[in-house]
Amino acid sequence: MFAKRSHLLNNINLHNNNNNDNGNAKCHHDNGKCTDSCLQVATNVTEQKHHVTREIRGKNLGLCRGFRGCTVWLTGLSGAGKTSIAFELEAYLVSRGIPAYGLDGDNIRTGLNKNLGFTPADREENIRRVGEVAKLFADSGVVAICSFVSPFADDREMARKIHKDADLKFYEIFVDTPLNVCESRDVKGLYKKAREGVIKGFTGITQEYEKPEKPELIVNTDGFTIKESTQKVIALLEEEGIIPKTLRDVEKLPELYVQDSVKEAIINEAKSLPSVPITQVELQWLQVLAEGWAYPLKGFMREDEYLQTLHFNSILTEEGAFRENQSVPIVLSVSTENKEKLDGVSAITLNYEGKPVAILRKPEFFYHRKEERLSRQFGTSHPNQPYIKMVMESGDWLVGGDLDVIERIRWNDGLDQYRLTPNELREKFTEMKADAVFAFQLRNPIHNGHALLMQDTKRQLLERGFKKPVLLLHPLGGWTKDDDVPLPVRMAQHQAVLDSGVLSRDDTVLAIFPSPMMYAGPTEVQWHAKARMNAGANFYIVGRDPAGMPHPDKEMYPDGNLYDATHGARVLKMAQGLDSMEILPFRVAAYDKSVSRMAFFEPKRKEEFEFISGTKMRTLAKTGANPPDGFMEPKAWKILAEYYQSLSKQ
């Protein structure tokens, strides 16, 4: 095969072109042939062994643990889509914490191999150098992604052998796009020049391309998007263990609800097991776990998961490859009496209001050090913080274990149709043909400043090239403190905002997030983002003072708040395990008196703006007064005012 290639290349006119390794340049050797005297071979060279092993590199390089160094070699005609796939794959890997680098033919020709032409010897040397560089990248723990026409089988085999001799994995990917499709693309205009005779010896036109006989994968980009073609390469790398499978790559999250076929047996088993009662808030956490919001958790946290959450705000995946964000502990407390009674059993039934709701398998008991938990999660253990008060009153032991949840949790409050699971939300976004999903977490009524922020986010995404950005309007539906607006009132108010057209129904999904509210500031904000990421959102809007509240001791800090108003947004941008979600910048909105509407605050005109606080809004509502025109949709305001006036009457 090499003889055929040499004969072909030595009998064509040699011309310059800039296509990576797909043409010939004027030879700087006699008669266009390479002789032994053309190559200077290094002597007295001894390979030096690194102090750092591949195992150590795998443990410490990137966010995804384990040695994953290898080379992905994309070969095919010019215009086949090699570079597009290479860079899409590079972005995919890097976003998941796997170091990767794309070695593109053109880029290599402008740097490392700028002194090489397109003679047979130079072309062979071009591939040899790239193979050696890719080997070094792979040996360092990086996934080297090479996109080269590399038309000759001998050259590709040489690159493979370089890796084989170093005990490194090498994957040859044949991008088998038909010639007519490649020529119709002709982004660089090379096919046109080849047809006109400007370029001689052009692969696919006047020079043969030797198709790989046994590549690891064949990909065709004709009729497929770049993402679809890249997904085939991703699937191969997953099968090979280079990429660990994660939530972000699965179509459907595993849920903890038992199958209908075994439900009766599980119910009978639950009746025979020792049991413990759970509270309403614990049932809400059970729903969170069962539906996959906290994936990859399979149940209430065991001690190792609990410690990772408290100390790292994340947990290792089952195979230990990387960390998933998990900033808040999801735990079940029991009394000392129940712990002593149940210690050593293989399973426990969890009862809510006397009814079995789940079985906890292989329970693990550990002591509930409440002050440590609270200080790490909240930054305080002040007993007057409402969620802290609940924790202090809970059991002195925690019990973790895998869950079998008997049936889907329903609250029968007229709002269950809004309680869409992460899988149902993902399906909904697919039905809507969403190419971007941006989530907005809220536990308060929507005013026009909120709406302005959501409208502006949609505008930004459209300007970035997205065709169908969809808003996930996702009010928190679990436990909240007593003075917050109840969920039914908030949902009615949100519906009024949608009915008015302030937010478009065509590209908005209104659903309930079942989590309890903890008021844990920057720590809880990460949980809110991670859960929405599980549901398919890839953009997240975060505002001032998210998940915050006044400090129980108003004299503790100058501003009277438990957390700095800016810290939630800042922490989100640095948080581990949220790499597939982009945190969108928040612009402060206030009431612009000059135009009688909510607008983004401009410090230069600060005297023309009014910040309408929650306290002022509640006072207006209770007294029957109206807010300034343009502050809130009138029908939505009416719902809110009626609620506060009913409180006044009580």
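Helix α18 (residues 487-500) lies across β14, β15 and β16, at about 160° to β16. Axes here are lines fitted to C-alpha atoms, for helices over the stretch in contact (heavy atoms within 4.5 Å). Angles run from 0 to 180 degrees between N-to-C directions. Helices (H or I, at least four residues) and strands (E, at least two) are DSSP runs, numbered from the N terminus.

This is a predicted model: local features need pLDDT of at least 70, side-chain atom pairs count only at pLDDT 80 or more, and totals for chains, interfaces and linings use all residues. Residues are numbered from 1 along each chain as its sequence is written, and side-chain values use heavy atoms, leaving out hydrogens and water.

**The sheet**

Five strands form an open, parallel sheet in the order β16-β15-β14-β17-β18. Strands pair if DSSP finds at least two bridges between them. β16 and β18 stand at the edges with a single partner strand each, so one side of each has no neighbour in the sheet. The twist averages 25° from one strand to the next. β14 and β15 pair in the parallel sense over seven bridges. L442 has P475 in β15 as its bridge partner.

| Strand | Residues |
|---|---|
| β14 | 436-442 |
| β15 | 469-475 |
| β16 | 508-510 |
| β18 | 582-584 |

**Helix α14**

Just after α14, G379 takes a positive phi of about 80°.
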